[in-house]
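Hello,

Here is the structure I promised to pass on. Please have it open while you read the notes below.

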Amino acid sequence: MPHLPKHLALIALLFCLPIAAPSAHAQEREPSRAPVLRIETGMHTAAIHRIGVDRAGKFLVTASADKTARVWDVQTGRLLRVLRVPIGDGNEGKLFAAAISPDGNTIAAGGWTSVDGLHECVYLFDRESGRLVRRLTGLPNVVPHLAFSPDGTLLAATLGGKNGVRVWRTSDWVEVGRDTDYGDDSYGADFDRAGRLVTSCWDGSLRLYDREMRLLAKQEAPGGKQPYAVRFSPDGRKVAVGYSDSTRVDVLSGETLALLYSADTSGINNGNMSSVAWSTDGTMLYAGGQYRDKSGSLLIRRWSDAGRGHFVDTPAASNTIMDIAPLPTGGIVYGTFDPSWGILDSQHRQTQPPQAGQIADYRDNQIAFLTDAPASAIRFGYEQFGKSPAVFQLSDRTLTPDAPAASDMRPPLTEAPGLSVTDWKNTYTPRLNNTPLKLKQYEISRSLAIAPDGERFLLGADYRIRLFNRSGQELWNVPVPGATWAVNISGDGRLALAAYGDGTIRWYRMTDGKELLAFFPHKDRKRWILWTPSGYYDASPGAEDLIGWHVNNGRDAAADFFPVGQFRNVYYRPDVVSKILRTGDEQLALKEANEEAGRKQQQASIAQLLPPVVEIVSPQDGAQLTTNEITVHFRLRTPSGEPVTEVRALVDGRPATAERGLSLQANGTTPTDARELRVAVPDGESQVSIIAANRFTTSVPATVRVRASKPVAPSVIGTSGNDQFEIRPKLYVLAVGVSNYADPKLKLGFPAKDAQDFADAWTRQKGTLYRDVTVKVLTDDKATKDEVLDGLDWIRRETTSKDVAVILIAGHGVNDPTGDTPTGDYYFLPFNADPERLLRTCVSFREIKRTVAAIKGKMLLFIDTCHAGDALGTHRGLLNDLNGVVNELASAENGAIVFAASTGRQDSLEKIEWHNGAFTKAVVEGLLGRADYVGRGRITVNMLDLYISERVKELTAGNQTPTTAKPKTVPDFPVALKR
């Protein structure tokens, strides 16, 4: 009977990877096609177990327990592709192994790939397209390790349990060898250049095979009973071994597996050095694992002279070093449990910051996890031990870093009269009044909260949270998405809260454990998203892509992923989210919200609303072009069956060309024949994207980076760059600001001055980045509805594909809840606005969106319309919430870079001593040079964003949080030169 691999159980014990034992035998089945909500931060959200690098050192693949494998550009650290395998509940889909073929074309991934852990497989992906091209099936247990031979002709997989190793020939993927005479789990395998294979096994043995899988040698490991990683030296004469149960690193004979010598591990008095690797020239030996220094950092040790010489230790991570691989240029790349991956160069230095996980770390956060009586406000820490605290208020959707706890917020109760819960933190055996509480096998208890009445208590563990009564009877249990690092119970006893290892905080009904709401705060301390189990959500600007729907396409095809923003028109429902905790029922909250807004119940399911899927066939990512016009070949799929009605090409996020009036259909997993669009691209590097639309929504953009460089004529070879003729763009600025309204009750202080100062700051850029700057300023009585609409029309007409357009809208703005969008229609109030007649007298957000989407050049939109004013509060329940507006404007189909003065329902602040609103003051300062953090004289979008964010928080003492949203199709670019 297959069993849980011991190494994974050990990791679960030490580092909280929740893995359950397999169930009884069952036939291999098709995975469910029901959409599943998943977190997506652009980085893994759970441990990286294995990594692999191609022969050229260009591509890195990482495999994670978050059920994805990812492909990275080694040099830049850029994420190139996410490989999504079919997944299911619990462990199904967790990846523990990955390898990339030496030529970089094929990626193998494996792990817990079936529902029962008994019908496992290895997935084979085409790296360039991301297609799942084959499965190697029939494996009786999970796959902890994969390895290609150096010539790419063989692939080996080690297996959990006493199932040994399998080897396939890559030319036809026929199995050519196996050895099942293993006494335990196998976690290491490596080929040498001759095709010989060495493996490790937790039966204490090391095995050596020839190319035909004939056993050449079997030796007891000299340094421990649990040999883990094994690596041939480049010449095949030596084998390095690391151990899970020892701090030793041994070097053995590549012919007999006899011990040659042990590396100097003096000073390593804790953990292990389980992962090992050689430098590509064989002169250096590397090792890392669970060994920490006194500061708590995990170290990688490098020995000279092939492991016989002196050593150097380098801090590399805050959690276990899971795998190490050499780079052909010297140095290594490593993956960690954090999760993170990083590079140490040939001098054993970190030349760039590691690619780190983007989730909050709630470990040891129990006493810092606070909530109030209705659980509508929470306080948590972004870092271990509750460090970097923040408060989130559901009522006004404000996330405030470093905010103190309100007086009515309380930590979880862990003691109550007559109720003694002990041994509940990081143990297998929590106790109630000295009687053990039953958990699942390998499950560790993590957190505790006792209800205010002392009659019930909540126990958080690795696999489930459970509610018990004071007699120890389990009232309910629910599965969890990660280790339950902290729990709490609302002061009124109605709701349970839990903080998890996947970075989420979730609310549950105390009556039955039904999940009501989930919250994910991104580690950047700006972005957040809230969602219900059915996917109704609210999100801060730029946060709509932090979760999405994973959709399986059967056993033999890669899964799809659709960010929730693709379903914005139906599922962006902050009104539903606002009601969920009070009603305690998602459907009731939806019913109430629909009735208040006069909306009909949505009948279409997520599966019916799925967007098209686009795959670019050519050019390849990174293609070098010798012309400024290219033909983009692409394929389409229609998972929902809805025909594609439009296909658009974007260059750096802006419209390039389009095909409209289409009616294209393709099977959900079988794409159409290749289609093509001709696209003009500028000199230098640019991003070319293809977007397809159906009647409901648009696709996720398919994007490639290309570089166009015209051949240099012989007559100009040798001339300097300054001698080359360059056409600089024009800049068009529309600045609208209203302080003195026709209705005196709407009067504000500085929007009109803000608009003029904003325009002046851009005017100073004439002759720098821009050959000309043309501005149109509309303030106070010049900013009527007609004038604003004319201004929008003007900037749309004037801006060409080579130009830059900048718009500022400053004054009052409101959401009309009677509109037909999820949050009602958003309106800007011009000079002659009448809040009782919004449609007739105000500028609809739809007009702004049409302008933004139609502008051909780069587009920056600055919005400062969240000004306080008692007058607006008296008009038909109007409110000001920009989040949905910003996210829609910054979506790929609209393509604007949006700078918003505040987030959620915050007010924009202004003071006489600033002579401006805080937002405009920061923007102007940044443009005039203060945003040039690196001192290169150029201010880019990202630099301006950073400066505005920090400066506004400084000016307002954290009471105003500006936000910026930028489409992924738009790269960072300079917007101003320091004057």
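This is a predicted model: local features need pLDDT of at least 70, side-chain atom pairs count only at pLDDT 80 or more; totals for chains, interfaces and linings use all residues.

**Strands and salt bridges**

Ala518 has Trp531 in E45 as its bridge partner. This hairpin has six residues between the strands, and Arg525 takes a positive phi near 65°.

How enclosed is strand E44 (residues 515-521)? Six of its seven residues are buried, so the rest of the structure largely encloses it.

Next, an open sheet. Five strands make it up, in the order E50-E56-E55-E52-E53, with mixed pairing. E50 (623-625) and E53 are the edge strands, each pairing on one side only. From one strand to the next, the twist averages 25°.

Within that sheet, look at E52 (residues 644-651) and E53 (residues 654-664). They pair antiparallel over seven bridges. Arg648 has Ala658 in E53 as its bridge partner. Val651 stands opposite Arg654 in E53. Two residues separate the strands in this hairpin, and Asp652 takes a positive phi near 50°.

Now the charges. Side chains of opposite charge can pair when their charged atoms come close. The count comes to 64 salt bridges. One of them joins the side chains of Arg397 and Asp538, at 2.6 Å from N to O. Arg397 lies in the loop between E32 (389-393) and E33 (398-401), and Asp538 lies in E46 (residues 537-539), so the pair ties together parts that are 141 residues apart in sequence.

Is Arg397 buried or exposed? Arg397 is buried, with a relative accessible area of 1%. Asp538 is buried as well, at 0% relative accessibility.

Two other salt bridges to check:

- Asp512 and Arg509 meet through their side chains at 2.7 Å, N to O. Asp512 is partly exposed, with a relative accessible area of 37%.
- Asp575 and Arg573 meet through their side chains at 2.9 Å, N to O. Arg573 is buried, at 2% relative accessibility.

Finally, a network of salt bridges links Lys921, Glu925, Arg930, Arg951 and Glu954.

Best wishes

Technical notes. Residues are numbered from 1 along each chain as its sequence is written. Side-chain values use heavy atoms; hydrogens and water are left out. Two strands pair if DSSP finds at least two bridges between them. Helices (H or I, at least four residues) and strands (E, at least two) are DSSP runs, numbered from the N terminus. Buried means under 20% relative accessible area, exposed over 50%, partly exposed in between (1.4 Å probe, protein chains only). Axes are lines fitted to C-alpha atoms, for helices over the stretch in contact, and angles run from 0 to 180 degrees between N-to-C directions. A salt bridge is a side-chain nitrogen of Lys or Arg within 4 Å of a carboxyl oxygen of Asp or Glu.
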